[in-house]
Amino acid sequence: MKRILLIEDDPEIAHLLQLELGDAGFEVDWAPGGMSGLVRLREAPPDLVILDLGLPDLDGGEVARRIRVGAEVPIIVLTAADSVERKVTLLSEGADDYIVKPFHPAELLARIQVQLRHREGGEQVTIGGLEIHLSKRQVFYEGQEVRLSPKEFELLSLLCTRPGKVFSRVEIEEHLWGRSLERDSNVVDVHVANLRSKLREAGAYGYLRTVRGVGYALRQREKE
C-alpha cells in the first residue's frame, strides 16, 4: 500500500482527504503543520507528499524546499494562488505539481496517480556517455552522477523514450503534470534550462536540442 504524507492545517479538509484517499487504497499520514510534517517525513518516509501552502508555523514553500534537500519524494502543493508567477515559483521551490483550491478530490487523486506512475520505470537508457537509470531515477555522465530534481528527471526520461523526436510543450506538460498549462506559461522552458545547465556542469554538452516554436528533443548522440 502506498503511503501519502498529508501536511494540512485544516482538520476538515484533512479528514475529507483521508477518507477519499483511504477509499482509493492509500495509507494517509496527517501532519497539521510544517514542522510536524518534516518530522513525520523523517520518521516514516512516504511515497508522496501533499502539502498545503497556508500553514500556521512554516511557509509551505519553505517546507517544500526543506523536503527537497533530503528527499526525492513527489510533492503536490495545494494552493489558493492562481498566478503564473506563483506557480513557477512553486515548481522552482521543489513542487512536482500543484492544484488550485477549491478542487474535487477526484482531480487530486488523478494527479497523485500521475506522479506515482512517473516514479515507476524499468530499463536503462544509454546515449554516448549519458546513462539514464529509469527505475533507480539516477543519471550518470561518464560515471559521474548528475543530480536532478524529480521534474528534471521526468523531463529527461520522457525525451529519452524516443531520442531524436521533438516533443511539443503540450506533450511535455501532459507528461509532467497530467495536463496542459496556460498558454503563456514558461514552466517547461524553466525546467529545460535547468536540466541543460546541470548536464553541462557534468560535462554533457549538446544533448538537448531546442526547436524554436515546436519543442525539445534529446539528441541520439552527443553533439561534438
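How far apart are the mean positions of the positive and negative charges of the protein? In this predicted model, the mean positions of the 30 positive and 37 negative charges are 7 Å apart.

## Overall form

The secondary structure of the protein comprises eight helices and twelve strands. Its radius of gyration is 18 Å, close to the 17 Å that the globule rule gives for 224 residues, so the protein is as compact as a globular protein of that length. Taken along the principal axes, the box filled by the C-alpha atoms is roughly 55 × 35 × 30 Å.

Of the 224 residues in the protein, 49% are buried, and the accessible surface comes to about 10,900 Å², with 48% of that surface belonging to carbon and sulfur atoms. Among contacts with a separation of 6 or more, 57% are made by residues 24 or more positions apart.

## Helix H4 and its cover

An α-helix has 3.6 residues a turn, so residues three or four places apart point the same way. Just after H4, Gly94 takes a positive phi of about 125°.

Leaving aside residues up to four places away in sequence, Asp96 touches Arg68, Val73, Pro74, Ile75, Leu91, Gln115, Pro150, Lys151, Glu154, Leu176 and Trp177.

Two polar contacts can be described for the side chain of Asp96: one, at 3.0 Å, is with the side chain of Arg68, while the other reaches the backbone nitrogen of Ile75 at 2.8 Å. Val73, which is among the residues that Asp96 touches, lies 23 residues from Asp96 in sequence, with a C-alpha to C-alpha distance of 9.2 Å.

The side chain of Arg137 reaches the backbone oxygen of Pro150 at 3.4 Å, and a polar contact of 3.5 Å joins the side chain of Arg137 to that of Glu154. Pro150 and Glu154 are also among the residues that Asp96 touches.

## Backbone features in two loops

A cis peptide bond, with omega of about -5°, joins Lys101 and Pro102. Pro102 belongs to the loop between E5 and helix H5 (105-119).

Glu142 is located in the loop between E8 and strand E9 (144-145), where it has a positive phi of about 50° although it is not a glycine. Is Glu142 buried or exposed? Glu142 has a relative accessible area of 59% and is therefore exposed, the cut-off for that class being over 50%.

Notes: Residues numbered from 1 in each chain as written. Predicted model: local features only at pLDDT ≥ 70, side-chain atom pairs only at ≥ 80, totals over all residues. Heavy atoms only, no water. Polar contact = N/O pair within 3.5 Å; in protein donor to acceptor, adjacent residues only side chain to side chain. Helix = DSSP H or I, 4+ residues; strand = E, 2+ residues; numbered from the N terminus. Rg over C-alpha atoms; globule rule 2.2 N^0.38 Å. Buried < 20%, exposed > 50% of the residue type's maximum accessible area, 1.4 Å probe, protein only. Contact = heavy atoms within 4.5 Å. Areas by Shrake-Rupley, 256 points an atom, 1.4 Å probe, with all protein chains shown as cover. Lys, Arg positive; Asp, Glu negative; His and termini not counted. Charge placed at Lys NZ, Arg CZ, Asp CG, Glu CD.
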